[in-house]
Amino acid sequence: MIFDDIQSRACADSQVQSETLEREMYGTAMKAKSPHGCQFIFIANMYPTKWSLLRRIQENPNWVKFIVGGILENGTSLWEDLQPIEQLKKEFRNDLLAGHPEIFYAEVLNDPNASASTLIDLSNLPTNPNSQGDIPGGKFIIIDPSTDKTKSDEHAIGYFEVHAGYPVLMELIHERLSPGECIRKTLSMALSHNCKAIIAEGVAYQYSLLYWFNFICQQLGIIGFEFLPIYPGGSSKNARILQMLKSYAKGEIYVDDSCKPDVHYEISQFNPLKTNNTDNILDLLCYAPRCIAEFGEYIIASNIIEEQEIGRVSVWPESLNSPF
């Protein structure tokens with residue numbers, strides 16, 4: 001059974017379309033196999049999105065993978081007659097000038113971790129020290145809030161765990177949300193991970209969000225959370241991001257594989273000479289080490305679920321499914 005280019009780029013950009021296609025492949029096509037056995041062959045491009053099916057198959061140990069880029073290690077083209085090396089170089093320069101080198105890296109080189117950024121080598125990062133199932137030394141959530149206006153930035157909400165003293169971004173939400181939706185999604189994330197500390201930028205509108213977190217929790221009878229403000233400090237945002245990239249390269253910050261596509265995409269687009277970068281997710285990584293240093297006592301204590309049970313309050317999941 002051969003699946004040849006069954007996913008388009010538009011499908012790989014959409015979580016709904018990609019998950020529908022994946023269910024059809026596994027649940028319909030692959031379940032129609034011969035009872036005497038079947039060989040499944042998946043042929044596709046790697047897309048620079050977290051919903052790329054080839055990326056998901058690459059991470060599945062039950063598949064035997066052979067993934068090769070269009071340019072080989074010796075500098076020649078994989079298909080010289082069809083795609084000569086000079087043509088591929090021109091194609092790369094065109095993608096680079098268009099501001100989307102990640103497309104060439106993913107779809108031609110099949111390497112979504114590569115980047116045109118000279119600030120950090122994403123293909124040579126230190127190995128994440130924690131293994132699946134390791135008990136974290138602490139947990140916390142950071143929010144980089146925005147508004148729900150059409151042209152505003154997206155909210156970024158990151159759930160971090162502390163392993164070997166270092167922050168690891170384990171789960172990520174980044175989308176345009178109303179303040180109520182931001183609070184609902186954050187509380188849902190915190191309760192699902194039994195995470196006590198919720199930290200948000202403490203400037204202007206962002207600080208008022210902490211007030212509404214407390215207000216909503218009182219309304220729903222949720223107890224035990226610590227809503228904490230953190231401040232940017234004296235350095236500029238771009239300077240903080242550049243320092244964070246150095247820490248990421250040295251293995252002082254880690255990112256789970258499920259979050260890397262979104263993180264690395266923002267890194268590939270980051271220009272330290274501009275002040276209007278899309279860097280909501282990068283902000284979360286900037287704040288993570290400082291959160292551990294400033295709020296260690298709250299990050300280590302993670303007993304939210306137990307506190308709800310002691311208080312005999314039933315808040316999950318029905319209460320959080322209603323709009324605020």
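Asp 5 counts as partly exposed, because its relative accessibility is 46%. The model is predicted. Asp 5 sits in the loop between strand E1 (2–4) and helix H1 (9–13). Its phi is positive, about 50°, although Asp 5 is not a glycine. Most residues other than glycine have a negative phi.

**Positive phi elsewhere**

Ala 164 is another non-glycine with a positive phi, about 55°. Ala 164 lies in the loop between E4 and E5. These two strands form a hairpin with two residues between them, and Ala 164 is in the turn. Is Ala 164 buried or exposed? Ala 164 counts as exposed, because its relative accessibility is 67%. Asn 194 follows H6, with a phi near 55°. Gly 251 follows H8, with a phi near 85°.

**The sheet**

Six strands make an open sheet. Their order is E7-E6-E3-E4-E5-E8, and the pairing is mixed. Strands of a sheet pair through backbone hydrogen bonds, either parallel or antiparallel. The edges are strand E7 (226–230) and strand E8 (254–255), each pairing on one side only. H6 packs on this sheet. The helix touches E3, E4, strand E5 (166–175), E6 and E7. The direction of H6 makes about 15° with that of E4.

| Strands | Sense | Bridges |
|---|---|---|
| E6 and E7 | parallel | five |
| E3 and E4 | antiparallel | seven |
| E4 and E5 | antiparallel | nine |

Glu 201 stands opposite Ile 230 in E7. Asp 144 stands opposite Ala 156 in E4. Gly 158 has Leu 172 in E5 as its bridge partner.

**Strand E4**

How many of the nine residues of E4 are buried? Nine of the nine are, so E4 is largely enclosed by the rest of the structure. In a regular strand the side chains alternate between the two faces of the sheet. In E4, both faces are covered. On one side, His 155, Ile 157, Tyr 159, Glu 161 and His 163 are buried.

**Aromatic pairs**

The count comes to 10 aromatic pairs. Phe 140 and Phe 160 form one that is stacked. Their centres are 5.1 Å apart, with 5° between the planes. The pair links distant parts of the chain, 20 residues apart. Phe 140 belongs to strand E3 (residues 138–144) and Phe 160 to strand E4 (residues 155–163). Phe 140 counts as buried, because its relative accessibility is 0%. Phe 160 is also buried, with a relative accessible area of 0%. Elsewhere, ring pairs link Phe 92, Phe 104 and Tyr 105 into a cluster.

Helix H6 covers residues 179–192. At 1.5 Å a residue, its 14 residues should span 20 Å. The end C-alpha atoms are 20 Å apart, which agrees. The buried residues of H6 include Cys 182, Ile 183, Thr 186 and Leu 187. Met 189, Ala 190 and Leu 191 are buried in H6 as well.

Helix H8 covers residues 237–250. Its 14 residues should also span 20 Å at 1.5 Å a residue, and the end C-alpha atoms are 20 Å apart, in agreement. The buried residues of H8 are Asn 238, Arg 240, Ile 241, Met 244, Leu 245, Ser 247 and Tyr 248. Which elements cover the buried residues of H8? The cover includes E8, helix H9 (260–269) and helix H10 (280–294).

**Cysteines**

The structure holds zero disulfides. Cys 182 is buried, with a relative accessible area of 0%. Cys 195 is buried, with a relative accessible area of 0%.

**His 100**

His 100 lies in the loop between helix H4 (85–97) and helix H5 (101–107). His 100 counts as partly exposed, because its relative accessibility is 33%. Leaving aside neighbours within four places in sequence, His 100 is in contact with Asp 95 and Tyr 265. Ser 268 is 168 residues away from His 100 along the chain, yet their C-alpha atoms are separated by 8.4 Å.

Conventions. Residues numbered from 1 in each chain as written. Predicted model: local features only at pLDDT ≥ 70, side-chain atom pairs only at ≥ 80, totals over all residues. Heavy atoms only, no water. Helix = DSSP H or I, 4+ residues; strand = E, 2+ residues; numbered from the N terminus. Expected span 1.5 Å × (residues − 1). Buried < 20%, exposed > 50% of the residue type's maximum accessible area, 1.4 Å probe, protein only. Phe/Tyr/Trp six-rings, centres within 6.5 Å; stacked < 30°, edge-to-face > 60°. Pairing = 2+ DSSP bridges. Contact = heavy atoms within 4.5 Å. Axes fitted to C-alpha atoms, helices over the stretch in contact; angles between N-to-C directions. Disulfide = S-S within 2.5 Å.
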